[in-house]
Amino acid sequence: MHCPQYSAGRCRSCQWLDKSYSQQLDDKQQDLHALLSPFAVQSWLTPACSEETQFRNKAKMVVSGSVERPVFGIVTDNEPVDLSDCPLYPPQFSDVFAALKPFIARAGLTPYNVTRRRGELKFLLLTQSRATGDMMLRFVLRSDKKIAQLQAALPELQAQCPQLTVISANIQPVHMAILEGEQEIIFTPEQALEEIFNGIPLYIRPHSFFQTNPVVAAHLYHTAGQWVRERRISRLWDLFCGAGGFGLHCADKTTHLTGIEISPEAIACATRSAEKMGLENVTFQALDSAQFALGKSAVPELVLVNPPRRGIGKALCDYLNTMAPDTIIYSSCNAQSLAQDLMHLPLYQPERVQLFDMFPHTAHYEVLVLLTKK
């Protein structure tokens, strides 16, 4: 992949861009083999590849520069770097960014200056549904002082960019590198994007987590669903379930599925999907996954976990060892914490492992592991 900003040394977010894509995959697979070498993996499946360009469905842009000439991208050594034409984004993003630059001035959204602690507009967050082409745009502001002015200017932007079906303002008043705050003000009747993976409807709301590489994510969810169906599971838990992608790929009308996620926004998305699919034996709850599990005296045949980078932790591992479900499916975005957790699951054997390259041109990757009792 060619990137002018990388070649000029202005952006190094893609640390591995000098490597061929085949070398990137080989290096990631070697890293995973090394981390899981103590566990005698029975079957290593072929890594799931990604597109090399235009694979991201979300842009997180720092807004810098001036109100008349805003810059969307990153700030390196106090210098703004415009990433509006980043090759990781689909081409439709650049059209929206082009429309937003004059809009910033019309709405009076002065870019936030970190050094001076002045200005209002901190970030722009743009997400696209691959299924519909619709987009969600979020303005991250320092305060609510410009809300009325922003709202008054929106009709012209919406007329120019009708694909922006969800538009909101997030209020983030803290002078720290925090992407978003708790308060969200939604300006549009629609509050979520609909996405479709493998025929399954999924929804993206402003505060809900959603994978940024939809093609690879769809492959990941489909694979987990296949592994579950092979075992004819009647009851399962989906812990750290997010918007329900894993669980909904594993359930049918006879499956009893319980999905747990701490984010109410994500649970609202998962519940909406289950209702649209007509699944009556599915329950999604906004709870802490570890606390939910540790409070139960029994587990289903299969437990699926998709934790954040820190992993599931020793307490939940000890609980699973004690309660001993027949099968655990572990999806990890950090193979180091995965390896630490597997050390605390001595009752289980990694039967299958597959790498999913969710993050090309970086050292990061996703991995799916099928664990069965020894």
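**Close-up 1. The charged end of R272 sits 4.1 Å from the centre of the Y203 ring, over that ring.** A charge sits over a ring here if NZ of Lys or CZ of Arg is within 6 Å of the ring centre and within 35 degrees of the ring normal. R12 is placed over the face of Y6, with 4.0 Å to the ring centre. Welcome to a predicted model, in which local features need pLDDT of at least 70 and side-chain atom pairs count only at pLDDT 80 or more, while totals for chains, interfaces and linings use all residues. Residues are numbered from 1 along each chain as its sequence is written, and side-chain values use heavy atoms, leaving out hydrogens and water.

**Close-up 2. F93 and F97 make an aromatic pair in helix α3 (residues 92–106).** The whole structure holds 8 aromatic pairs. In this one the ring centres are 6.2 Å apart and the planes stand at 85°, so the pair is edge-to-face. Rings of Phe, Tyr and Trp (its six-membered ring) pair if their centres lie within 6.5 Å; planes under 30 degrees apart count as stacked, over 60 as edge-to-face and the rest as tilted. The two residues are 4 apart, about one turn of the helix; helices (H or I, at least four residues) and strands (E, at least two) are DSSP runs, numbered from the N terminus. F93 counts as buried because its relative accessibility is 0%, and F97 counts as buried at 2%. Buried means under 20% relative accessible area, exposed over 50% and partly exposed in between (1.4 Å probe, protein chains only). Together with F72 and Y89, F93 and F97 form one aromatic cluster.

**Close-up 3. F197 and Y221 form a tilted aromatic pair.** Their centres are 5.9 Å apart, with 40° between the planes. This pair links distant parts of the chain, 24 residues apart: F197 belongs to strand β9 (residues 193–197) and Y221 to helix α5 (residues 214–230). F197 counts as buried at 3% relative accessibility, and so does Y221 at 8%.

**Close-up 4. Strand β14 (residues 302–305) has buried residues pointing both ways.** L302 and L304 point one way, V303 and V305 the other, and all are buried. Strand β11 (residues 235–239) runs parallel to β14, joined by 4 bridges; two strands pair if DSSP finds at least two bridges between them. Here D238 stands opposite L304. β14 is also joined by 4 bridges to strand β15 (residues 327–332), again running parallel, and the bridge partner of V303 in β15 is I328.
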